[in-house]
Amino acid sequence: MALVEFMGKSFDVDEDGFLLKFEEWCPEWVDFCKEGEGIKELNEEHQKVIDFLQDYYKKNGIAPMVRILSKVTGFKLKHIYELFPSGPGKGACKMAGLPKPTGCV
């Protein structure tokens, strides 16, 4: 467990930098993560993915499989990688405040 401090906020993260507590998610966390992803500004497509991941996690307690993410958002996997260069698991789930996915996201 490690502590990340960014823009006056503190976040408990695991060894891979994922939030340990979903309830700690906030806009400052997104700003911290987008720097690591090399994303300058979030657009509506980024937000659509983040919102879906968070909603799915709140309802199911896990991250969705990639095919579900793709089907619901309407984005092909290639486009999700364009939005989140490190992928739906490492990039999008991390930015959404989800724990590190155990399987294929």
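These are my notebook entries on a predicted model of one protein.

I number residues from 1 along each chain as its sequence is written. The model is predicted, so I take local features at pLDDT of at least 70 and side-chain atom pairs at pLDDT 80 or more, while totals for chains, interfaces and linings use all residues; side-chain values use heavy atoms, with hydrogens and water left out.

**Confidence.** I looked up pLDDT, the predictor's confidence in each residue, from 0 to 100. The protein averages 93, and 97% of the residues score at least 70. I then went through the elements, which are DSSP runs numbered from the N terminus: helices are H or I with at least four residues, strands E with at least two. Strand β1 (residues 2–6) has the lowest mean pLDDT, 91. Helix α2 (residues 44–60) has the highest, 97.

**Cysteines.** I searched the whole structure for disulfides, meaning pairs of cysteine sulfur atoms within 2.5 Å. The search found zero. For Cys26, the closest cysteine sulfur is in Cys33, at 9.8 Å, which is too far for a bond. I also checked burial (buried is under 20% relative accessible area, exposed over 50%, partly exposed in between, with a 1.4 Å probe and protein chains only). Cys26 is buried at 10%. Cys93 is buried too, at 0%.

I listed contacts for Phe84, where contact means heavy atoms within 4.5 Å. Leaving out residues up to four places away in sequence, Phe84 touches Glu37, Ile39, His46, Val49, Ile50, Gly91, Ala92 and Met95.

**α2 against α5.** I fitted axes as lines to C-alpha atoms, for helices over the stretch in contact, with angles from 0 to 180 degrees between N-to-C directions. α2 and α5 pack at about 70°, with their axes 9 Å apart. That makes the two helices roughly perpendicular (65 to 115 degrees; under 35 is roughly parallel, over 145 roughly antiparallel, the rest oblique). Val49, Ile50, Leu53 and Gln54 in α2 meet Ala92, Cys93, Met95 and Ala96 in α5.

I followed Ala96 in α5. Ala96 is buried, at 0% relative accessible area. Beyond four places in sequence, Ala96 touches Phe22, Trp25, Ile50, Leu53 and Gln54.

**α1.** I found Glu28, Trp29, Val30, Cys33, Lys34 and Glu37 buried in this helix. The buried residues of α1 pack against β1, β2 and α5. I checked the lysine: Lys34 is at 14% relative accessibility, which counts as buried. Lys34 touches Ile39, Lys40, Glu41, Leu42 and Met95, again leaving out residues up to four places away.

**Backbone.** Gly38 follows α1 and has a positive phi, near 75°. Most residues other than glycine have a negative phi. Met7 is not glycine, yet its phi is positive, near 50°. I placed Met7 in the loop between β1 and β2. Met7 is exposed, at 53% relative accessibility.
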